[in-house]
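The following exercises are to be worked with the sequence and the structure side by side. Each task is followed by a solution in steps.

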Amino acid sequence: MVARTAEADAPVAELFQTHRLGMVRLAVLLVDDRETAEDVVQEAFAALHRKWGSLTSTDAAVGYLRTCVVNGSRSILRRRRTARGYWRNEDGLTAEPADAPALLAAEYQHVLTALAKLPRRQREVIVLRYWSELSEADIAATLGISPGAVKSTASRARDALATLLTEEGLS
Amino acid sequence: MNDPMNDIDDRISAALRARTDQITHADLTPASPPTATAAAARGRRTTVRWAAPLLAAAAVIAIAVTTAVIATEPQATKHQPAGPVSSSQSSQARIQSQLAEQRRAREEAIQRLLAEQRRAREEAASRAQSAARAGSSAPGGAPLACLFADAAACRVPAGYVWYVPLWPFANYAQASQWATVDGPAGHSPWHSDAAATALFFTNNYLGFRDLTVITSTTITADEAHIGVGYKDPNGVKRTSAVLHLVRYERVLGDKTAGWEVVGSDDTTFSLESPAYDSTVTSPVTMGGHITGTDENIHAWVRAATQSAPLADKCCLPAGGQNSVWRVTVTFTPRSGPITLVASTGGHLIEHERFAIQGVIARS
């Protein structure tokens, strides 16, 4: 096991150097805070290392990483759901770093706040489409859903965001 | 003029970029990439962590087997990407592996296309069920088909995406006129032929007269997916686009209704933004993905009620592997369904690939 996976050390290290920041940024958009995002990404690279023998190209490896990050973020949110609701409703706290909202323009913060209110899948599709700029087919592969579901989810998410921003008088 | 829906796209992209730009390499906690030793240790920890529940589950199953026959099926991990296993790291094995990957990519493209077709059919059936649940019915008691916003008065769930009628009928009134008056009198019988409608759409409406061949047809009672294209110098048929058509009808399964082009099934050249059925104003930013070399993207905006394009913009250099392309087009203001069109080519013929998107214009 160790002998076989040792062959993965060098290429995974190279991917780690190249893609770690991008994956952390992707995870931040899904889990809100950088520390958790870094943990998710570290787990994703560990999974990539274990899976290396069955991946045939760099593109496949990056796609696998992206899927691991999305799935890892989803697991975090699932575990965190109760706590997030408690923090936000009772104490007005979030998992965001204290300085993050202050450093963001109010307009951007409004959009991100609305994004956080979307159902989990809608949020994932929006992030993969508008930030990762993936095609519908690649989003479908990442999330394990059909391209048609990606299209309809993106449409609904976009409408929901527009409605949320309008309701808050931010459009 | 400010387009609210394009504005939403821009605001989302800008906000996400702004958030992620807050994180730089300098912000990241120093960390090392995983190694064989670390991965093995992690694997052992995982095994130990799950040992107790696994043993408990095994005990439960063993007890259950003694009391009943249990049928089980292996379940694949839904979100786990799979790849062909490479048993050797030699260069020859690598080449074989890359070839297998290319075959797999082709097969996946075909499967994606088929999945899209299945999804469209399922959505059409779902719409009919929604109409039936809403209590709407056509004369005679048959459920109304909510394929188009103007074809029926049935209620639909929030967030519902209508088909956008692109061509040849500008609205249901025109489609109904042909189905009930003109069609029976023998006027424009090609409306009842999905392949002919797709070809006329390509040649006469879009003006792509170098595309003269039907390359594929998948036709069901209410929907059709028609490949249009050309023959290369070797006489091989090449598909430029697969057009999606539906019958412009009130009652699902009405074979007398004419065919309407509503979109395209995109693969290596896609037009994804603005979103299907979204409301746009001029100028509109069109975009999607492209795979190819030395491409030139030509964009148009068209409306079924007008022979001349509302906008014509050429040419955007593009290429690469699944690269993002984007072009902003200013078009003559109008209201109603419009067709966004993008094509690329120039290697063999002018319009080697094209894609369309149906949106609603607001002046």
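**Exercise 1. Strand S9 of chain B**

Determine how strand S9 (residues 353-361) of chain B is paired and whether it is enclosed or open.

Solution. 
- Step 1. With strand S8 (residues 336-344) of chain B, S9(B) pairs in the antiparallel sense over nine bridges. In this pairing B:Pro337 stands opposite B:Ile360.
- Step 2. With strand S5 (residues 279-280) of chain B, S9(B) pairs in the parallel sense over two bridges. Here B:Val280 is opposite B:Ala361.
- Step 3. A residue counts as buried if 20 or more other C-beta atoms lie within 10 Å of its own. Eight of the nine residues of S9(B) are buried, so the strand is largely enclosed by the rest of the structure.

**Exercise 2. Two helices of chain A**

Describe how H8(A) and H9(A) are oriented to each other, and characterise their contact.

Solution. 
- Step 1. Chain A has nine helices and zero strands.
- Step 2. The axes of helix H8 (residues 136-143) and helix H9 (residues 147-167) of chain A come within 8 Å and cross at roughly 105°.
- Step 3. Angles of 65 to 115 degrees count as roughly perpendicular, and H8(A) and H9(A) are therefore roughly perpendicular to each other.
- Step 4. H8(A) contributes A:Glu136, A:Ala137, A:Ile139 and A:Ala140 to the contact, and H9(A) contributes A:Pro147, A:Val150 and A:Lys151. By class there are five nonpolar, no polar and two charged residues.

**Exercise 3. A:Trp131**

Is A:Trp131 buried, partly exposed or exposed, and which residues does A:Trp131 touch?

Solution. 
- Step 1. A:Trp131 lies in helix H7 (residues 120-131) of chain A.
- Step 2. The cut-off for a buried residue is 20 or more other C-beta atoms within 10 Å. A:Trp131 has 19, so this residue is partly exposed.
- Step 3. Not counting residues up to four places away in sequence, A:Trp131 touches A:Leu29, B:Leu16, B:Arg17 and B:Thr20. A:Leu29 is 102 residues away along the chain, with a C-alpha separation of 9.0 Å.

**Exercise 4. Confidence in chain B**

Decide where chain B calls for caution.

Solution. 
- Step 1. The mean pLDDT of chain B is 75, and 64% of the residues score at least 70.
- Step 2. Confidence is lowest in helix H2 (residues 36-67) of chain B, at a mean of 48, and highest in helix H5 (residues 194-205) of chain B, at 96.
- Step 3. Residues 43-55 of chain B have a pLDDT below 50, and the stretch has one contact beyond near neighbours in sequence. Residues 131-145 of chain B are also below 50, with 33 such contacts in the model.
- Step 4. Where pLDDT is low, the predicted coordinates should not be read in detail.

Methods
Residues are numbered from 1 along each chain as its sequence is written. Chains are lettered from A and ligands numbered from 1 in the order in which they are written. This is a predicted model: local features need pLDDT of at least 70, side-chain atom pairs count only at pLDDT 80 or more; totals for chains, interfaces and linings use all residues. A residue is buried if 20 or more other C-beta atoms lie within 10 Å of its own, exposed if 12 or fewer, and partly exposed in between; C-beta atoms are placed from the backbone. Helices (H or I, at least four residues) and strands (E, at least two) are DSSP runs, numbered from the N terminus. Two strands pair if DSSP finds at least two bridges between them. Axes are lines fitted to C-alpha atoms, for helices over the stretch in contact, and angles run from 0 to 180 degrees between N-to-C directions. Angles under 35 degrees count as roughly parallel, over 145 as roughly antiparallel, 65 to 115 as roughly perpendicular and the rest as oblique. Two residues are in contact if their C-beta atoms, placed from the backbone, lie within 7 Å. Ala, Val, Leu, Ile, Met, Phe, Trp, Tyr, Cys and Pro count as nonpolar, Asp, Glu, Lys and Arg as charged, and the others, Gly among them, as polar. pLDDT is the predictor's confidence in each residue, from 0 to 100.
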